[in-house]
Amino acid sequence: MPTEPDPVTADHSVAADRSVAADRSVAADRSVAVDRPVAADRLPLRRRLPPVIALLLLAPWAAECSWGGFAIDDFLPVLIFLGPMYGGAAILIRETARHLGAGWPTIVLLAAAFGVLQAGLVDQSLFNPGFLDDTQYADTRAAAEATLVPGLEFSLRQAFDYVGNHIVLTICAPIALIESFLGPERRLRPCLGRPGLLVVGLIYLLGSLFIFSDINDDKGFLASPLQLAFAAVVVLALVPTALLPRWRHAHPRRTRRAPHPLWVGLPVVLVRLGSDLAPGWTGVAIALGLAATVGGLIGYWSSGSGWGQRHVLVAGTAGLVTAAAFAYLVPPYSPASPAAALAGDVAVTVITVALIGGAWWRVHASPAVHVAAS
């Protein structure tokens with residue numbers, strides 16, 4: 001997903017009489033550098049848990065249901081069985097970034113690390129050429145094998161799709177939605193302390209082990225030591241990069257104005273449409289080039305004055321809107337009755353519109369807060 005450099009200090013400002021001393025220096029100028037961890041909200045647990053639970057449920061739905069992967073009668077099992085893994089990862093990534101006072105570059109890089117971890121080490125779909133053979137996507141195997149990386153034997157096309165979808169749908173869209181529903185004073189603050197993070201980490205670990213065991217029993221596949229080592233090295237490279245201190249510093253605003261928020265979503269949609277323009281290595285080159293170009297464009301826009309949470313919301317959920325629109329054109333993994341498949345697609349549309357519409361209204365109703373570039 002394009003990396004819209006989000007602020008590290010934005011949305012922290014509230015009235016001076018409600019701010020603690022440690023936050024006043026940040027709120028006074030939303031372009032100050034923040035290089036120290038941020039404490040979790042001092043709110044009661046009952047107020048801090050709802051956004052965490054919402055993220056736990058929204059991440060698996062966005063990852064597997066929002067694009068038509070399951071019929072409506074499978075939505076609940078997806079949330080139950082995949083929530084600990086997908087939702088746990090989304091919570092850990094969001095909380096880690098906000099505890100560090102880091103912005104969206106950290107979230108995107110950690111999301112990429114999760115995507116490689118998930119596809120390369122947990123379900124190992126990245127290295128298993130027959131992973132989709134027992135689904136209605138078995139006919140995509142030939143196209144995937146057209147972009148095999150010699151020696152490592154994985155499809156670069158599938159790597160772009162798998163990891164890209166985890167970045168866009170599993171992590172970034174749910175976080176952008178949940179943070180948009182929160183008030184400005186809580187939007188970029190962590191919800192959990194260390195005990196909560198330990199609990200979520202355990203939930204994520206158990207969920208991942210369950211999926212690994214289930215997939216291994218079902219597919220009977222285990223990647224080679226070289227493939228596993230490659231995936232592990234990529235993850236170990238992405239995580240430290242995501243945690244670099246540079247992502248915890250806000251940068252001065254440029255004099256140029258940021259475009260209207262709706263314009264920010266258009267390039268993100270074009271990445272999805274343009275990534276399928278050509279097959280084979282040419283198509284992969286186009287997809288990677290578009291993603292890099294759009295990421296740079298959003299980074300450029302975000303450094304202009306007026307960049308705010310509405311821009312972040314549109315950039316973060318444009319991929320979700322595109323996935324929901326294409327849900328009517330793709331089959332679910334397993335055969336389903338036309339009525340169940342259509343009901344699932346309609347439900348996806350209704351849920352997507354309700355979530356984004358509600359988040360837009362919530363941000364619009366909140367005090368205007370400009371997000372500093374990072």
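**Figure 1. Leu 342 as a partly exposed residue.** At 47% relative accessibility, Leu 342 counts as partly exposed, a class lying between buried (under 20% relative accessible area) and exposed (over 50%), with a 1.4 Å probe and protein chains only. The model is predicted: local features need pLDDT of at least 70 and side-chain atom pairs 80 or more, whereas totals for chains, interfaces and linings use all residues. Residues are numbered from 1 along each chain as its sequence is written, and side-chain values use heavy atoms, without hydrogens and water. Leu 342 belongs to helix α12, which covers residues 338-365; helices (H or I, at least four residues) and strands (E, at least two) are DSSP runs numbered from the N terminus.

Figure 2. Tyr 328 is found in the loop between α11 (309-326) and α12. With a relative accessibility of 39%, Tyr 328 is partly exposed. Tyr 328 and Val 346 are 18 residues apart in sequence, and their C-alpha atoms are 8.4 Å apart in space.

**Figure 3. Overall arrangement of the chain.** The protein chain contains twelve helices and two strands. Read from the N terminus, its elements follow the order α-α-α-α-α-α-α-α-β-α-α-β-α-α. The chain has 374 residues, of which 52% count as buried.

**Figure 4. Two residues with positive phi.** Most residues other than glycine have a negative phi. Gln 124 is not a glycine, yet its phi is positive, at about 55 degrees. Gln 124 sits in the loop that runs between α4 (104-122) and α5 (141-145). The relative accessible area of Gln 124 is 3%, so this residue is buried. Glu 153, which is not a glycine either, also has a positive phi of about 55 degrees. Its place is the loop between α5 and α6 (156-181). Glu 153 has a relative accessibility of 42% and therefore counts as partly exposed.

Figure 5. The structure holds nine salt bridges, each having a side-chain nitrogen of Lys or Arg within 4 Å of a carboxyl oxygen of Asp or Glu. One of them pairs Arg 94 with Glu 95, and their closest N and O atoms are 2.8 Å apart. Both Arg 94 and Glu 95 are buried.

Figure 6. Arg 157 and Asp 161 meet through their side chains in a salt bridge, with an N to O distance of 2.9 Å. About one helical turn separates Arg 157 from Asp 161, because they are four residues apart in helix α6. Arg 157 is buried, having a relative accessible area of 13%. Asp 161, by contrast, is partly exposed, at 27% relative accessibility.

Figure 7. Ser 275 lies in the loop between α9 (261-274) and α10 (280-302). With a relative accessible area of 5%, Ser 275 is buried. In sequence, Ser 275 and Ala 287 are twelve residues apart. In space, the C-alpha atoms of Ser 275 and Ala 287 are 4.3 Å apart. Asp 276 takes part in a salt bridge with Arg 272, in which the closest N and O atoms are 2.8 Å apart. Asp 276 has a relative accessible area of 49%, so it is partly exposed. Arg 272 is also partly exposed, with a relative accessibility of 33%.
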